[in-house]
Structure formats: structure tokens, C-alpha cells
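This report goes through one protein chain, from its overall build to single residues. Please keep the sequence and the structure at hand while reading.

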Amino acid sequence: MADTPKYYAGLDIGGSTVKTVLVDDMGEVAGEMLEVKSHVKDGFEATFGQLEGALDQLCTAINIERSQVKGLGMDVPAPSCEGTIWGKANLHENWVGTNIRDEFSKRVNIPVYMTNDGNAAALGEYAVRRKHLGGLMLIAPGTGLGGGFVLPGGRAHEGQNGLSLEVGHVSVPHREDDNELPTCSCGLKGCLEAWVSLVALRRRIGLELAKPENADHPLNDDSAIEEKAFRLRDFAQDGDELAISIFRQQAHILGYGIADLVRVFDPGLIVIGGGLAETEGFRDDYMNWIKEGFRERAWPIYQNSPIDPDRETTRFEWARGGDSSAALGVAFTAREMYR
Ligand SMILES: [Zn+2]
């Protein structure tokens, strides 16, 4: 049966959900994405059972045998190298030190490619840009500030120890009003993530609302800081000056930090992910503020070609892959590797 159709699965293991998808030999999504609640805190065996169940469900939904799945891509929300998880993050402790890639591959008898969630999302952005062959760096502001880097040709850059692209923890010189560097969730001072993340946004809102000049701001009510951070975007979209100034500062510092990453990696394309990618309208302003910060720090040659000034040497785009980006990214990589 030389012409039995082949498929490749993407398994995106997150802290709160597990997203799974199948792609066919042409790289087209086959069937629907399947999303289940994550049980990573119950140990890796519980997740393995979940993944196997999801894989069978995906196959049944499009009426194929599991033996037609020739490769699996998997991503995990923790630092890992060659299939072994190094750092615990939000996982049960039995994940750490286990070669998850090899153990799951043995269990299902299918070869497995594994990477971290940042690289998986970057691979997804690469996959949805079918005509893009150059490099791609993903920068994703969320609860923290994540990143991933795909080399020209489509492979993720893992680093020797799987610890590359910790973009949230490069340092920026920006200081608070009291002239101190902000403290990051990692314990260091002056990290980019201490300015550009949901955690940073909440801190900034708290500091700003405590100022006498903002005492009458409508956000100065009894709502929790999480709620205020959520509403800040609506305020910015409606033109509220305080909300805009907070986002503008955040985006500006992000651009400033990206300039140094570009100086190291010269990726050519920066893709900005995270929730703001979904906000039509407001996101155009946000992107302009990122570029403002970038231009402050990047030499002109990192912006436009001196020979052909119309050619941008570093382009900025919003993420397009959406929720299934990471699952798709690792599925595409499995297809490249095991077809
Ligand atoms: Zn840090």
C-alpha cells in the first residue's frame, strides 16, 4: 500500500490546555483542532494518556488508522533539551529529568520532535507564511515575555542546552520614577519582561493610579488589579490618555529591547504575538510605538538597506497563527523531519 496517505500530529502541551492537530502530507490541516484541559500538574503519565486519547480521537474523526501518523511534533511549557525537561515551570516534578520525547515515542511507536512552547509558536508563524524562507523571530508579550527563533529554512534554534531566546530577560536601561530598575519575576533587575508583560502592566497601572493627578481616573475604583489591566486596553482603544501612555511606554521599551536582539540575530522578520495581535485598530498604534523604540536603538542599516532604501532590513508583523500556532508549528516540523 505505497499510496496510503500519511499524516503528522502536533501536540501543544500548555499549563491550562492541550491542543492537538493533524496535518496531511501536503501540509494542510486535516480535520478540526482538538483542545482538552491540561493535566500537566498530575504528572507526565496522565498527560501521556491524554495525548494518546486525543491522537486516537483525531484519527477517528477523519477516519484514518493511527499507523498512518508518521511523525509527531510536541511542545512543552518548560526549558528542555533533546527531549529532556530541565526546569519545572508549572509542571508536576516528575516531568523534570525525564526524556519526555523518547518516552512518548516508545509508547506510541511514532518518532517525536520536541521543543519548547516559544519555538513551537515561532514555527507556527513560519508555517503559515508559506512563501517566507528567511529567518523569523517571535516576540510574544503575555503573562511573561516569550520568544522563539526559526532559522532560514525552517528549523527552530534551540541553543546548546535548550535555553536560547529567553528574550524577556535581556536587560534594558529604563528606570522607574524613583530611578530604580524594576525587579523581574526571575529575581533580576532591569529585565525587558519587567516592563513588557501582563505582570509588568499590572504593576505600572498600580503605580500610575496611586499618583495624585490620576486620583479621578475611572480605573481608580474597587476592582481588582487583574480586572483593571484587562480594561486598560478598552480605555486605550477609546483614546484615554493614561491608558495610551502606559501602552506606549511598554511598546517603546519593547522596541528598544528588540533592537539589541536584532543586532545579535539579524532575523529579518520580527513577529509580535500575544493577545494584542487580536486587537484590530489599536494594534497599529502599538506597532508604531514598538518601531519608535526600535529606531531609537537600532542603527539605520538594521532598518533600511542603504542600497535600496525601500527595502526594510528588519520587518515587523503581527502573529497570524492564532491559538493553534504552536500545535501547527510542531506538526509542520514533524512533517519536514519524518516524511
Ligand atoms: Zn528576568
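What is the place of F247? F247 sits in helix α6. The model is a predicted one, and in it F247 is buried because 22 other C-beta atoms lie within 10 Å, where 20 or more are needed. Leaving aside neighbours within four places in sequence, F247 is in contact with A236 and Y286. Y286 is 39 residues away from F247 in sequence, yet the two C-alpha atoms are 7.2 Å apart in space.

## Overall build

The protein chain holds 8 helices and 11 strands. Its C-alpha trace spans about 70 × 55 × 35 Å along the principal axes. For 339 residues, a compact globule would have a radius of gyration near 20 Å; the protein chain has 21 Å, so the two agree.

Of the 339 residues, 40% count as buried. Among contacts in the protein chain with a separation of 6 or more, 64% are between residues 24 or more positions apart.

Helix α6, which contains F247, covers residues 241-265.

D266 is not a glycine. Most residues other than glycine have a negative phi. D266 belongs to the loop between α6 and β10 (269-272). With 13 other C-beta atoms within 10 Å, D266 is partly exposed.

Is N179 buried or exposed? N179 is exposed, because 6 other C-beta atoms lie within 10 Å and the limit for an exposed residue is 12 or fewer.

## Two helix pairs

Helix α1 (residues 44-61) and helix α2 (residues 100-108) have axes that come within 11 Å and cross at roughly 45°. The two helices are therefore oblique to each other. The crossing of α1 past α2 is right-handed. On the α1 side the contact is made by F44, F48, L51, E52 and L55, and on the α2 side by I100, F104, R107 and V108. An α-helix has 3.6 residues a turn, so residues three or four places apart point the same way.

At what angle do the axes of helix α4 and helix α5 cross? The axes of α4 (residues 198-209) and α5 (residues 225-237) cross at roughly 100° and come within 9 Å. An angle of 65 to 115 degrees counts as roughly perpendicular, so α4 is roughly perpendicular to α5. L198, L201, R202, I205 and G206 of α4 make this contact with I225, E226, K228, A229 and L232 of α5.

Helix α8 covers residues 325-338. Its 14 residues should span 20 Å at 1.5 Å a residue, and the end C-alpha atoms are 20 Å apart, which agrees. Because 11 of the 14 residues are buried, α8 is largely enclosed by the rest of the structure. The buried residues are S325, A326, A327, L328, G329, V330, A331, F332, T333, A334 and R335.

What do the buried residues of α8 pack against? Their partners are the strands β1 (7-13), β2 (17-24), β3 (29-37), β4 (69-76) and β7 (112-116), together with helix α3 (117-128).

G321 is found in the loop between β11 (315-318) and α8. It counts as buried, with 23 C-beta neighbours inside 10 Å. Not counting residues up to four places away in sequence, G321 touches A121, G124, E125, V128 and L328. One of these, L328, is among the buried residues of α8.

A121, another of the residues that G321 touches, is 200 residues away from G321 in sequence. In space, their C-alpha atoms are 8.0 Å apart.

Note on methods
Residues numbered from 1 in each chain as written. Predicted model: local features only at pLDDT ≥ 70, side-chain atom pairs only at ≥ 80, totals over all residues. Helix = DSSP H or I, 4+ residues; strand = E, 2+ residues; numbered from the N terminus. Rg over C-alpha atoms; globule rule 2.2 N^0.38 Å. Contact = placed C-beta atoms within 7 Å. Expected span 1.5 Å × (residues − 1). Axes fitted to C-alpha atoms, helices over the stretch in contact; angles between N-to-C directions. Parallel < 35°, antiparallel > 145°, perpendicular 65-115°, else oblique. Left-handed = near helix turned anticlockwise from the far one by under 90°.
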